[in-house]
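Student: I have a chain open on my screen and would like to talk through how it is put together. Could we start with the strands and then move on to the helices?

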Amino acid sequence: MTGPIKLYGYRYSVYTRVAKVALHRKQLAFENVEIDPFSDLPKHYLALHPFGRVPVLMHGSFALHETGAITRYIDRTFPGDPLQPEDAGALARMDQVISIVDSYGYVPMVRQLFSHSVFRPLADEPFSEDEIARGLEASKPVLAALESLAAEGLVLTGGDAFTLADCHLAPMIDYFIRAEEGRRALLAFPNLSRWWKDVSVQPAMIETDPDLSKLGPG
Ligand SMILES: N[C@@H](CCC(=O)N[C@@H](CS)C(=O)NCC(=O)O)C(=O)O
């Protein structure tokens, strides 16, 4: 596969940011195509992503949806610092973190807590205290599972050892802690807090920061 790289994504999408973090770590230039998955999607986009979500990566004529496939493809295809550990145990832990984030983390941390306590109020959209409370409760076991993986030290170690586990988790934690309840919840997990302190100042995170300041009644 060859050709230019194009990323279809939404500026406030946490999964789009995951792909951008991986592209940034590989120092890859790409064309950004803005697509809002919460609006009526054009037919040409649904042909690329039958589930109508973001992101989609195009590499030449090769189209790929599902962020876990996208970030692994980026790492396997392009030169630069590897984003997947060689050791089988560490690689399994990396896959485990990605799966935990997808299966148990995204909805409570982002769609419930962040969206209802930060995004919707900023965008002047209706929000629900009940969703905030349920998101916070459901996020705690997720943080606990991630804390024990961070404590073990095979992934989520911070420092120079940046893997796809960091690419997938960091954007979720960033949104989660923009809610005051989330910020306080993270403090109970020392290894994850240490990891976050390290990872949050990486250029790949700073330069992909979704600017929420432009949100407003539109
Ligand atoms: N399984 C997809 C999930 C992507 C996803 O849920 N993206 C969100 C934005 S962060 C989306 O497109 N949501 C639109 C919707 O729920 O209708 C992946 O791994 O890429």
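Student: Which residue in β4 is the bridge partner of L57?
Tutor: The partner of L57 in β4 is L64, and M58 is bridged to A63 of β4. Before going on, note that this is a predicted model, in which local features need pLDDT of at least 70, side-chain atom pairs count only at pLDDT 80 or more, and totals for chains, interfaces and linings use all residues. Residues are numbered from 1 along each chain as its sequence is written, and side-chain values use heavy atoms, with hydrogens and water left out.

Student: In what sense do β3 and β4 pair, and over how many bridges?
Tutor: β3 (residues 56-59) pairs with β4 in the antiparallel sense over 4 bridges, where pairing requires that DSSP finds at least two bridges between the strands. They form a hairpin with 2 residues between them, and G60 in the turn has a positive phi of about 65°. Strands here are DSSP runs of E with at least two residues, helices are runs of H or I with at least four, and both are numbered from the N terminus.

Student: What is the strand order in the sheet?
Tutor: The sheet is open, with 4 strands in the order β2-β1-β3-β4 and mixed pairing. Its edge strands are β2 (31-34) and β4 (62-65), each of which pairs on one side only.

Student: And β3, are its faces covered or exposed?
Tutor: Both are covered, since V56 and M58 on one side and L57 and H59 on the other are all buried, buried meaning under 20% relative accessible area and exposed over 50%, with partly exposed in between (1.4 Å probe, protein chains only).

Student: Switching to α8, which of its residues are buried?
Tutor: In α8 (residues 190-199) they are L192, W195, W196 and V199. Viewed down the helix axis they fall within an arc of 100°, so they line one face of α8, the arc being taken from the directions from the axis to the C-beta atoms. R194 and K197, on the other side of α8, are exposed.

Student: What covers that buried set in α8?
Tutor: The cover includes α5 (129-152), α6 (164-178), α7 (180-187) and α9 (203-206), with contact meaning heavy atoms within 4.5 Å.

Student: Last topic: how many residues of each domain are in contact?
Tutor: The assignment, automatic or from a database, gives domain 1 (5-77) and domain 2 (88-206), and 16 residues of domain 1 are in contact with 23 residues of domain 2.
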